[in-house]
Amino acid sequence: MTQTDILSSEQEDLRLLRESARTLFERAGGSDRARQLRDAGSGFDPEMVRELAEAGVFGVAVPEDQGGLGMGLAAGGVIAEEVGRVIAPEPVVLTIGLSLGLLRRLCPDHPKMAQLIGGEISLAVAWQERGPDGAPADATCRYADGKLTGGKAWVVGAIGSHGFLVVAEQDDGPVLVLAEADAQGLVIDKRTQADGSSLGELSFSGTPAVELARGGAVPTALAEAVADATALAAAELVGLSERAFEITLDYIKTREQFDKPIGSFQVIQHRAVELNVMCEVAQAGVREALAQMDSETDPKVRAPIASRAKARAVTAAKRITRDAIQLHGAVGYTDEFDIGLYLNRALVLSAWLGDDAYHRRIWFEAREAEGAAQ
Amino acid sequence: MTDWNAISDVEFRKEVRQFFEAEYPEELRHLPHRPKFAEIEHWHRKLHAKGWVAPAWPAEFGGMGLNAAKLLIFYEEQQRWGVNRGRDMGVQMVGPLIIKFGTQEQKDYWLPRILSCEDIWCQGYSEPGAGSDLANLRTRAEIDGDDFVINGQKIWTTMAHDATHIFMLVRTDPDAPKKQQGISFLLAPMNQPGVDVRTITTLSGETEFCEVFFDNARTPRENLVGELNKGWTMAKALLSFERIFIGSPSLAQNALGQLESFARGRGAFDDPVFRDRFAQAALDVEDHAALYARFADQLKRGETLGADVSMLKIWVTECFQRITELMIEAAGPDGGSIGPLQVGNVSVDVLSSFYKARPTTIYGGSNEIQRNILSKAVLGLPG
């Protein structure tokens, strides 16, 4: 096979993956399902998690010799885009990027790997901490004698998860431990986010936990997993933006004022084109970034690529979902119309793992450092 | 004759690069203005001897016969080394037109003269009342014996004062039911009493644009290309490759490189606001390049590009403008001064970049027209 053939067969695999993920989500009820789950206050649907697992979703970026499909982040991105299109609340990016991202780098033989890939469980990752001023701060959460003490903040998927992968400090350095969701001395303070999902603030007081890995490998693997999840969250925002734009385009074609569809007015048309262009640029940029991350092994190079992806995706999603509300007019401000669900989900995904301003800064600092090194 | 398409992309790029680096005159690299032919004649002779004047033309007409993938590589290398496109209206526009729609006599006569630059062409499309609404053009051509007699005015005719011939859209049937009908494609000599050229001084003080007045100017009837009254369709057919070319990342990439060294030298990166705006612009350029690559891949697979390719031009030209505006900001009190500024070991002409960026959102179909096209042809919006 020539290089072009290999390339196009990879493209073909991704196309098939996209098709099957889209069918699965559509059959399950599309974005209506997101509304129902939000209204029921039930977080996500464990049955859906199992169905996704059967389709191979969670193991998509896990190497084949570790029980995954070995298709890389590019394939993870395809799935994340489809998740974004129907604003599915299941912890897909969390699992592919963070939970499995950590485990496959630190303890690939652990039985939790297979359970995560099989959709039997989901695990949240608790790695950030809140300082006295409320902003992110250095880690102080301690692990000693098999017990955790301290707190963790901004834990996505805290409600509904079977346990927590906690990054903590012990006397001789960092450690990754596993605490069960119902562990003694674990208190979860739930904060509701714009899309109805929960963000957990955990506090541990002598909470029993099992050590999974220790030493310098822990922060390295964490940084890698965070980069993966960041890029996948960008892909999710791309899918979300695309669908929000389609919904808006349909709306301006059908909504009539002054006896004409509002989409016949040039000012509306030009705004729609703006959003379309922004969406296409974001899609191209983010997909390229994911492919680059697959062909790069140096974490110092991969991290800024993830930042580039997230910066672009957040910029696009913010603009598209907000303008989408404007183009819907007053009904866009109601909960009844789906477009609001997309705005709310975009708010949550933008804040998670750093917004556009944050990632531009990170990206530019890395670019400067690289320039100085040359 | 070499079959360039038979060699690998990598090999081809190497060969093109080597030729430019070895042969292109140093003093002509990254020329800040459009040269008259005399200024670049020595380079053109080398290119002509090599047989590389017309990369896109089929080999049987003296071109290189490059496919889309090779063509993009050729242009990328040209831009990379700052190789001037030369007086390429003949090669880019007239040649393809004649090859596609011309008679055998027209091909035999005109094509070799285009390659040798014996004839130097300018493009007569826009008129005072026909800019974005090009089909509104009024310059008349009427048959009189063996000639067409031309009356009217063209404007924004690039380098008409240094051209021997003009290819033009003229109205040959003023009574046609639609204004797009009744337009023909005509070739005419410039050196005759009925043609008067006046240069237009631009904002930047340059004179590359002209007005061309026709007062009973004449051209032989055999200089009609294609069918009478079918010029509009032909002109549109010529635009397909140009539409990706006009959206290529190079202008913005070059400007960004300039901005970076200039800003670095001036200490502008100490300002967090400037840093963020620079980062935005740099990411805009990088992500545009990703979208450009997507369209280029389409071409490489042999697919034709859709109307959506217009988005490249919108994005890159507006980005180019923002970059040149940042350059003025970084210049601070020098932001209003004409001419090169020396900063460290780089020399940057702040205002020349700024001026160069302004018409990019106007020419080649203004960005507003591009948005109209996208909204109708791609988004399917009504009206």
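Author: First, a term. A nonpolar core here is a set of buried Ala, Val, Leu, Ile, Met, Phe, Trp, Tyr and Cys residues joined through C-beta atoms within 7 Å. Also note that this is a predicted model.

Reader: Fine. How many residues are in the largest nonpolar core, and which touch the most other members?

Author: The largest core has 215 residues. Those touching the most other members are A:V92, A:L102, A:V166, A:A231, A:L237, A:A313 and B:I323.

Reader: Which helix gives the largest share of this core?

Author: Helix α7 of chain A, residues 217-254. That helix supplies 20 residues.

Reader: Take A:A231. What does A:A231 touch, leaving out residues up to four places away in sequence?

Author: A:L73, A:A289, A:L290, A:M293, A:A306, A:A309 and A:K310.

Reader: Zoom out. How is chain A divided?

Author: Into domain 1 (3-122), domain 2 (125-215) and domain 3 (220-373). The C-alpha centres of domains 1 and 3 of chain A are 20 Å apart.

Reader: And how many residues of those two domains are in contact?

Author: 23 residues of domain 1 of chain A meet 27 residues of domain 3 of chain A. On the domain 1 side, the elements giving two or more residues are α2 (30-40), α4 (72-85) and α5 (92-106) of chain A. α4(A) has the largest share, with 11 residues.

Reader: What does UniProt list for chain A?

Author: The unreviewed UniProt entry has "domain: Acyl-CoA dehydrogenase/oxidase N-terminal" at residues 12-101 of chain A. In the model that span is 67% helix and 0% strand, with its end C-alpha atoms 25 Å apart. UniProt, again from an unreviewed entry, also lists "domain: Acyl-CoA dehydrogenase/oxidase C-terminal" at residues 232-362 of chain A. There the chain is 79% helix and 3% strand, and the end C-alpha atoms lie 17 Å apart.

Reader: New topic. Where is A:Q128 found?

Author: In the loop between β1 (123-126) and β2 (129-130) of chain A.

Reader: Why is A:Q128 classed as partly exposed?

Author: Because A:Q128 has 15 other C-beta atoms within 10 Å. Buried needs 20 or more, and exposed means 12 or fewer. Beyond four places in sequence, A:Q128 touches A:P136, A:K152, A:A153 and A:W154.

Reader: How far is A:Q128 from A:E180?

Author: 52 residues apart in sequence, and 18 Å in space, C-alpha to C-alpha.

Reader: Over to chain B. How many of its residues are in contact with chain A?

Author: 21 residues of chain B, with 24 residues of chain A. On the chain B side, α9 (272-300), α10 (310-331) and α12 (367-378) each give two or more residues. α9(B) gives the most, 11 residues. The residues on this side divide into 11 nonpolar, 4 polar and 6 charged.

Reader: What are the domains of chain B?

Author: Domain 1 (4-86), domain 2 (121-230) and domain 3 (238-378). The C-alpha centres of domains 2 and 3 of chain B lie 31 Å apart.

Reader: Last one, α3 of chain B. What span should its 13 residues have?

Author: 18 Å, at 1.5 Å a residue. The end C-alpha atoms of α3(B), residues 68-80, are 18 Å apart, which agrees.

Reader: Which residues in α3(B) are buried, and what follows the helix?

Author: B:K70, B:L71, B:L72, B:I73, B:F74, B:Y75 and B:E77 are buried. B:G82 follows α3(B), with a positive phi near 70°.

Definitions and conventions: Residues numbered from 1 in each chain as written. Chains lettered and ligands numbered in written order. Predicted model: local features only at pLDDT ≥ 70, side-chain atom pairs only at ≥ 80, totals over all residues. Helix = DSSP H or I, 4+ residues; strand = E, 2+ residues; numbered from the N terminus. Expected span 1.5 Å × (residues − 1). Contact = placed C-beta atoms within 7 Å. Nonpolar A, V, L, I, M, F, W, Y, C, P; charged D, E, K, R; others polar. Domains from an automatic or database assignment. UniProt positions renumbered as here; feature names shortened; annotations may be inferred.
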